[in-house]
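Here is a short briefing to read alongside the coordinates.

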Amino acid sequence: MRLGRTLWKIIIIKVIIIFAVFKLFLMPDVMEEHFSDDNQRADHVLEVLTGDDQTGQGQKTVRMNIQAE
Amino acid sequence: MVEQLDLSLVNWARAQFALTAMYHWIFVPLTLGLTFLCAFFETIYVKTGDEEWKRLAKFWMKLFGINFAIGVATGIILEFEFGTNWANYSWMVGDIFGAPLAIEGIVAFFLEATFFAVMFFGWNRVSKGFHLLSTWMVAIGSNLSALWILVANGWMQYPTGMAFNPDTARFEMKSFFDVVFSPYAISKFTHATTSGFALSSLFVIAVSSYYLAKKRHVLMAKRSIAVAAVFGLVSTTMLALTGDEAAYIDAKHQPMKLAAMEGLWDGTTDAPIVAFGLVNAMKEPGDAHEPFVFKFEIPGLLSLLANREPGSFVPGINDLVFGNKEQGIMGAREKIERGRQAVKFLAEYKEAKRAGDEARASEALARFKEHQDYLGYGHLKEAKDAVPPVATTFYSFHIMAAVGTGMILIFLLYLLFTIRGTIEQTGWLYPLGVIFFFLAFVAGEAGWVVAEVGRQPWAIQDLLPVHVARTDIAASNVKLTFFMFLITFTVLLIAEVKIMLKQIQIGPKEVN
């Protein structure tokens, strides 16, 4: 019984950390939060696919300032 | 390519994904294999009625339960990372990944969770037959969950069954069956799950060896070793066969990965396999450096492995970078030119659509489609960017293969002495069993390194490089979560090890 209780405690604490801390505060779904519809998301990704400087150095994209809350 | 430590955002995002995937892969293989072993043990109990087999089955189920409880939900963080660190990629592949990941969640939740409860809490509450069915359902359910994840990963390595929509910038699934039954999906699923079976068999062997060494629970240990040695031997044989299939597929669709795995810079007929060697870290495409400091080769074997044709040509890194007209190989240099055309016409199409110029849009779309297979190359700076880290890929592959070969020997030895009835007198073998249990983890992680480092620079082979796939966010965010995940997973791992060791020390309950 003690083992069972210990494991359940670990599961509950882990799930709380993963969903209530990591997901809620640190791991936002960027596409959902920073664009209001699919057209904007598509436009952004098309900009990434076509708008970079062709040198492979990185994106010249609209920088999304996602701060850890 | 000289592999340098680069602290840019993309590498922190890579490192974070690698960290979470590697920690996840510590828990998963034990789940995949131990469920089947528990099913075997319980099947023998039900057929024989021998309560010792029930005691044995319940003990291993307890250890499985510990691993499952601590490992469950660790994989969900990987899905969170898709949305945060790899938003562009996540958008583009949503239509492809959505179905497999949804099915994985449903299968895991309904099948596994339901029967998991019966398996653990249903002893003496349900019939023997229904309890046994539940145990088998947990085994099948957990492996089916793995299938869908590996279907998704297989698609990244060999994108198929889809079409790129230039209006939405998404890959749209055209054939579910092409995605599920792609050669990569089948190969990855069979290879990854059998690696879990082998690792779990070694776990049972290692713990049982401990009991034999301490002269505790001797009958349980001998019986466990007998079943695990057979399961392990069959699994490692399957590992070798599926590994061969994986290399054959890599030769067809990811020849650069295969070349890196073998440190093959200049393609050749009658290509040898490097059994072991020390790669020259200074070697770059097209230079005069020797590829190896030293190596020991087996002649002709790579041609056989890659093409199943003795003496056939196997391209090297230089052939794939610069091209080889004689062998009909288009080099990365030419692919980059075509990729840049794809990017250019995609941009023109986008502009034309915005301007409402349908004729120009139609022309641009037609030109884009001529080059779209090389879209990803259009984002590479130079041809050598198409080369993955060679040393990492080479050593990981050879470590994995060496340990896999050693596993076959270990299982053979345990089985041999079990058949002879002398396993209790082979104390010298027990430390080897324990060592190979830990080496199995190393091999499993090394295998994933081959698969994922070997496919660099691609997030989607040939279509999307990693640096384009990532979200443009502050590196500090990624660093913060990297270290938080590191701490969380390390705490979980320490907890698992402590709880497991304690339960192993206590041992199985006596039969009532």
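What is the mean pLDDT of chain A, and what percentage of its residues reach 70 or more? The mean is 77, and 72% of the residues of chain A reach 70 or more. This is a predicted model, so confidence comes ahead of geometry here.

**Confidence in chain A**
- Among the helices, α3 of chain A (residues 38–51) has the highest confidence, at a mean of 92.
- Helix α2 of chain A (residues 30–34) has the lowest, at a mean of 89.
- Residues 52–69 of chain A have pLDDT below 50.
- That stretch still has 37 contacts in the model beyond near neighbours in sequence.
- Where pLDDT is low, predicted coordinates should not be read in detail.

**Overall form of chain B**
- Chain B holds 17 helices and 6 strands.
- The radius of gyration of chain B is 25 Å, close to the 24 Å that the globule rule gives for 512 residues, so chain B is as compact as a globular protein of that length.
- Along the principal axes, the C-alpha atoms of chain B fill a box of roughly 80 × 50 × 40 Å.

**Helix packing in chain B**
- Two packed helices are described by the angle and the distance between their axes.
- The axes of α1(B), residues 9–48, and α2(B) come within 9 Å and cross at roughly 160°.
- Because that angle is over 145 degrees, α1(B) is roughly antiparallel to α2(B).
- The crossing of α1(B) past α2(B) is left-handed.
- Residues in the contact of α1(B) with α2(B) comprise 17 nonpolar, 5 polar and 2 charged.
- Helices α8(B), residues 218–253, and α9(B), residues 255–262, have axes that come within 5 Å and cross at roughly 125°.
- That angle makes α8(B) oblique to α9(B).
- α8(B) brings Ala247(B), Asp250(B) and Ala251(B) to this contact, and α9(B) brings Pro255(B), Lys257(B) and Leu258(B).
- By class, the residues of the contact of α8(B) with α9(B) are 4 nonpolar, no polar and 2 charged.

**Contact between the chains**
- Chain B gives 43 residues to the contact, and chain A gives 36 residues.
- On the side of chain B that touches chain A, at least two residues each come from α2 (51–71), α3 (76–85), α4 (87–121), α12 (332–355), α16 (466–469) and α17 (475–506) of chain B.
- α17(B) supplies the largest share of that side, with 8 residues.
- The side of chain B that touches chain A has 23 nonpolar, 13 polar and 7 charged residues.

Technical notes
Residues numbered from 1 in each chain as written. Chains lettered and ligands numbered in written order. Predicted model: local features only at pLDDT ≥ 70, side-chain atom pairs only at ≥ 80, totals over all residues. Contact = placed C-beta atoms within 7 Å. Helix = DSSP H or I, 4+ residues; strand = E, 2+ residues; numbered from the N terminus. Nonpolar A, V, L, I, M, F, W, Y, C, P; charged D, E, K, R; others polar. Axes fitted to C-alpha atoms, helices over the stretch in contact; angles between N-to-C directions. Parallel < 35°, antiparallel > 145°, perpendicular 65-115°, else oblique. Left-handed = near helix turned anticlockwise from the far one by under 90°. pLDDT = per-residue confidence, 0-100. Rg over C-alpha atoms; globule rule 2.2 N^0.38 Å.
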